[in-house]
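Subject: Structure handover

Hello,

Here is the structure we talked about. Please open it and keep it in view while you read.

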Amino acid sequence: MSVKLLREGGPAARIAVIPGDGIGKEVTPESIKAIRSVLESARRQIEFVEFDWGADKFLREGVTLPSGAVEMLANEFDAILFGALGDPRVPSNQHAADILLGLRFKLDLFVNARPVELFHDRLTPLRDRSTNDVRFMVFRENTEGLYVGVGGFFKKDTADEIAVQEDVNSRKGVERIIRHAFDYARRNQLKRVCMSDKSNAMTFAHDLWQRVFKQLRQEYPEIESRHLYIDTLAMEVVRDPRQFDVIVTCNLFGDIISDLGAQLAGGLGLAPSGNIHPGRTSLFEPVHGSAPNIAGKGIANPLGSILTAGMMLDFLGWKSEGEILRRAVRSALQENFVTPDLGGDKGTAEVGDWIAARVGDR
Ligand SMILES: NC(=O)c1ccc[n+]([C@@H]2O[C@H](COP(=O)([O-])OP(=O)(O)OC[C@H]3O[C@@H](n4cnc5c(N)ncnc54)[C@H](O)[C@@H]3O)[C@@H](O)[C@H]2O)c1
């Protein structure tokens with residue numbers, strides 16, 4: 001249950017909406033439609049407040065994340081529903097880095113949760129695998145590692161140039177993400193947690209991961225805990241994904257392995273994610289970007305964003321409504337009521353309307 005849900009007198013949940021750029025602006029409204037529909041029939045109240053942060057605002061006003069935004073989001077909202085950021089007119093991607101990484105770091109959203117779940121057999125590129133075979137959760141550390149931007153150049157733009165990028169790992173940071181993975185497994189009666197690192201080569205940073213993992217696993221004797229180097233994990237996830245329930249790893253490896261997982265489960269158009277700090281305002285976004293190549297055509301797949309909305313409802317404590325959204329997505333896939341990326345001929349809004357009708361009609 002989110003901390004602010006018990007606010008007296010107000011709506012049951014307040015959601016900040018940041019559609020962002022490109023197809024973010026097309027898929028997010030479909031998620032809102034689905035949420036409104038499922039909550040209406042459950043008689044739950046929700047309020048959405050939209051923010052126009054993105055490339056247009058940046059190009060118009062030079063503003064990325066407005067001052068005071070982080071405090072406002074943390075104090076006044078239960079969660080943030082995010083679309084995507086990225087626009088060819090901003091080649092530096094500065095606005096995206098400021099807004100998305102800014103929120104991840106400043107709201108201390110240390111858990112990047114990326115469920116990998118195959119909803120229909122035909123969607124996996126793996127031969128002879130079915131929906132029961134591909135179902136695991138990836139927890140990526142989201143606030144440290146190689147993403148903290150510590151580093152620099154020496155003799156830049158010369159033949160002798162040196163570039164350094166530091167991998168920053170704190171005991172607190174490593175401990176809280178590994179503990180989160182074990183707690184999640186315990187809460188959901190999952191039997192196996194796999195921690196992945198590259199401690200054979202990264203002998204300081206990932207030695208810390210090793211030591212923390214070996215210490216924490218003792219607190220969870222009922223869970224089968226296992227370690228794999230990241231290169232082995234990449235092979236094993238493809239060879240036999242049935243081996244995994246929960247994977248926990250650092251920021252960079254989590255970024256990569258979760259995209260691999262997304263592909264095993266039908267591709268970017270279907271992959272949801274949450275940037276979470278349990279008990280605090282957290283941010284939910286589909287894994288895909290702003291897809292400028294299809295933006296404006298009305299054909300973006302909204303299902304990744306709708307599954308993201310499902311994760312947000314779970315986080316708000318409304319798991320049965322989250323499950324209803326997931327069931328509706330499964331039905332859309334079964335009935336092939338899908339956008340062209342999944343081989344269908346439906347438009348973004350058509351799929352969104354179908355899901356909203358399905359989840360409201362119970
Ligand atoms: N979290 C984010 O906001 C995020 C994540 C990734 C990329 N980006 C940004 O998005 C922009 C485009 O990046 P990219 O092309 O590498 O990645 P992308 O995810 O936007 O697109 C990759 C490919 O997948 C397709 N695709 C993605 N989502 C889809 C959907 N919902 N339905 C149908 N097809 C979909 C696209 O058409 C494209 O062919 C860049 O500016 C990048 O920086 C942002």
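This is a predicted model: local features need pLDDT of at least 70, side-chain atom pairs count only at pLDDT 80 or more; totals for chains, interfaces and linings use all residues.

Residues are numbered from 1 along each chain as its sequence is written, and side-chain values use heavy atoms, leaving out hydrogens and water.

Start with helix α9 (residues 303-315) and helix α10 (residues 319-334). Helices are DSSP runs (H or I, at least four residues), numbered from the N terminus. The axes of α9 and α10 come within 7 Å and cross at roughly 160°. Axes are lines fitted to C-alpha atoms over the stretch in contact, and angles run from 0 to 180 degrees between N-to-C directions. α9 and α10 are therefore roughly antiparallel (over 145 degrees). Contact means heavy atoms within 4.5 Å. In α9, Leu303 and Ile306 are among the residues that meet α10.

Next, helix α1 (residues 24-41) packs against α9 at about 45°, with axes 8 Å apart.

Now the ligand. 20 residues surround the ligand, and the closest include Asn93 and Gly289 (a heavy atom within 4 Å).

- The side chain of Asn93 has an N or O atom 2.9 Å from a ligand oxygen.
- Gly289 places a backbone N or O atom 2.7 Å from a ligand oxygen.
- Ser290 has a polar backbone atom 3.1 Å from a ligand oxygen.

Best wishes

Methods: Helices (H or I, at least four residues) and strands (E, at least two) are DSSP runs, numbered from the N terminus. Angles under 35 degrees count as roughly parallel, over 145 as roughly antiparallel, 65 to 115 as roughly perpendicular and the rest as oblique. A polar contact is a pair of N or O atoms within 3.5 Å; within protein, one must be able to donate a hydrogen and the other to accept it, and residues adjacent in sequence count only if both atoms are side-chain atoms.
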